[in-house]
Amino acid sequence: EFLRMPVRKWVFNVRASYYDETEEIVERLTKDLGIRKIAILMQDDSFGETVKGGLAGALYGRGLHIQAEARIKRNSLDVAAAVQSLKQAEPQAIVFVGTYLQLAAAVKHARAIGLKSRFVTVSFIGTDNFIAQAGADGDGVYITQVMPSPDNTELPLIQHYRADIASQDVGYTSLEGYVDAWVFSEALRKAGAEPTRESLVEALQTLHVDLGGFPVAFSQGNHQGSKAVFLTRVQDGRAIPEK
């Protein structure tokens with residue numbers, strides 16, 4: 001979040017923020033599923049604090065609060081005690097903040113001790129890596145995405161992407177890189193034949209482009225190109241978009 005607010009002249013974010021993602025998480029959990037008791041299992045660092053801040057704000061706006069909190073060390077797979085502590089609170093959902101290896105370990109332990117809470121996490125997790133690591137235990141985990149599904153070939157963006165990317169590399173991570181490169185090339189083209197640092201920034205600040213159904217727009221006072229967030233659910237080794 002410190003790269004977004006206040007707006008920094010030299011920093012441009014294409015993807016939606018973790019605040020956007022947590023807003024979508026809370027909206028879908030409370031409105032679609034009727035869930036009110038939401039806990040957080042977080043990596044004990046600035047990343048965890050950012051997502052926690054977004055979650056707390058989204059809950060507060062709905063008259064709710066984080067029901068319980070457990071922390072794990074950065075990149076540590078020692079998650080058993082934290083998961084066990086959350087079981088005592090009996091949350092309906094647990095928002096996870098950390099790496100895909102940590103989430104896979106947490107989900108496996110939760111299943112082993114009979115914890116029935118839904119796990120929800122943000123796009124940082126690395127969807128394909130998590131699915132491969134978690135196996136069948138990953139079924140039912142919700143993941144917010146900042147890119148449309150790489151399987152949605154109805155979108156011109158995905159048609160271009162899949163035509164340019166080797167099939168074994170198709171996934172949310174490479175799609176985000178593809179979109180970033182497209183945005184950069186559009187700005188570079190707009191900056192002219194002999195671009196400078198200043199002219200590139202000026203081009204970005206006035207860039208409004210539709211990347212085949214995925215709009216990106218910046219302004220002088222807004223360096224976040226997209227606020228789009230998509231919810232997916234892991235099932236049978238795939239991330240299935242939720243309507």
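Hi everyone, thanks for coming. A word before we start: what you see on the screen is a predicted model, so please keep that in mind throughout.

Let's begin with helix H1. It covers residues 18-32, which is 15 residues. From its first C-alpha to its last it reaches 20 Å, close to the 21 Å expected at 1.5 Å a residue. At the start of H1, Ser17 places a side-chain oxygen within 3.3 Å of the backbone nitrogen of Tyr19. After the helix comes Gly34, and its phi is positive, near 70 degrees.

Which residues of H1 are buried? The list is Tyr18, Asp20, Glu21, Thr22, Glu24, Ile25, Val26, Arg28, Leu29 and Thr30. You'll notice Asp20, Glu21, Glu24 and Arg28 among them. As a reminder, an α-helix has 3.6 residues a turn, so residues three or four places apart point the same way. And what do the buried residues of H1 pack against? One partner is a helix, H2 (46-60). The others are strands: S1 (38-43), S3 (93-97), S4 (118-121), S5 (142-145) and S8 (230-235).

Thr121 is in strand S4. It is buried, with a relative accessible area of 1%. The side chain of Thr121 reaches the backbone oxygen of Phe96 at 2.9 Å. Setting aside residues up to four places away in sequence, Thr121 touches Ile25, Phe96, Leu103, Tyr142, Ile143 and Thr144.

Is Thr232 buried or exposed? At 1% relative accessibility, Thr232 counts as buried. Its side chain reaches the backbone oxygen of Ile143 at 2.8 Å. There is also a polar contact of 3.1 Å between the side chains of Thr232 and Gln145. Leaving out neighbours within four places in sequence, the contacts of Thr232 include Val141, Tyr142, Ile143 and Gln145. Further along the chain, Thr232 is also in contact with Ala239, Ile240, Pro241 and Glu242, and the list includes Tyr172 as well.

On to the pockets. Rolling a probe the size of a water molecule over the atoms shows where empty space is left. The largest pocket has a volume of about 390 Å³. It is lined by 18 residues, and those nearest its centre are Glu1, Phe2, Leu3, Tyr18 and Phe47. By class, the lining has six nonpolar, seven polar and five charged residues.

The second largest pocket has a volume of about 230 Å³. Its lining has 14 residues, with Ser149, Asn152, Phe230, Pro241 and Glu242 nearest the centre. Two elements give two or more residues to this lining, S8 and strand S9 (238-241). The largest share, three residues, comes from S8. By class we have seven nonpolar, three polar and four charged residues here.

Now some backbone details. Most residues other than glycine have a negative phi, and most peptide bonds are trans. With that in mind, have a look at Asn75, in the loop between strand S2 (69-72) and helix H3 (80-89). Its phi is positive, near 65 degrees, and at 52% relative accessibility Asn75 counts as exposed. Asp236 sits in the loop between S8 and S9. The phi of Asp236 is also a positive value, near 55 degrees, and at 62% relative accessibility Asp236 counts as exposed.

Where is the cis peptide bond? It runs from Met5 to Pro6, with omega near -5 degrees. Pro6 belongs to the segment before H1.

One last stop: Phe184, in helix H7 (residues 172-190). At 45% relative accessibility, Phe184 counts as partly exposed. Phe184 and Leu204 are 20 residues apart in sequence, and their C-alpha atoms are 8.3 Å apart in space.

Terms used. Residues are numbered from 1 along each chain as its sequence is written. This is a predicted model: local features need pLDDT of at least 70, side-chain atom pairs count only at pLDDT 80 or more; totals for chains, interfaces and linings use all residues. Side-chain values use heavy atoms; hydrogens and water are left out. Helices (H or I, at least four residues) and strands (E, at least two) are DSSP runs, numbered from the N terminus. The expected span of a helix is 1.5 Å times one less than its number of residues. Buried means under 20% relative accessible area, exposed over 50%, partly exposed in between (1.4 Å probe, protein chains only). Contact means heavy atoms within 4.5 Å. A polar contact is a pair of N or O atoms within 3.5 Å; within protein, one must be able to donate a hydrogen and the other to accept it, and residues adjacent in sequence count only if both atoms are side-chain atoms. On a 1 Å grid over the protein atoms alone, a cavity is a set of points where a 1.4 Å probe fits but cannot get out, and a pocket is an open set with protein on both sides within 12 Å along at least five of seven lines; lining residues have an atom within 4 Å of a point. Grid points are joined across faces, edges and corners, and a volume is the space filled by probe spheres set on the points. Ala, Val, Leu, Ile, Met, Phe, Trp, Tyr, Cys and Pro count as nonpolar, Asp, Glu, Lys and Arg as charged, and the others, Gly among them, as polar.
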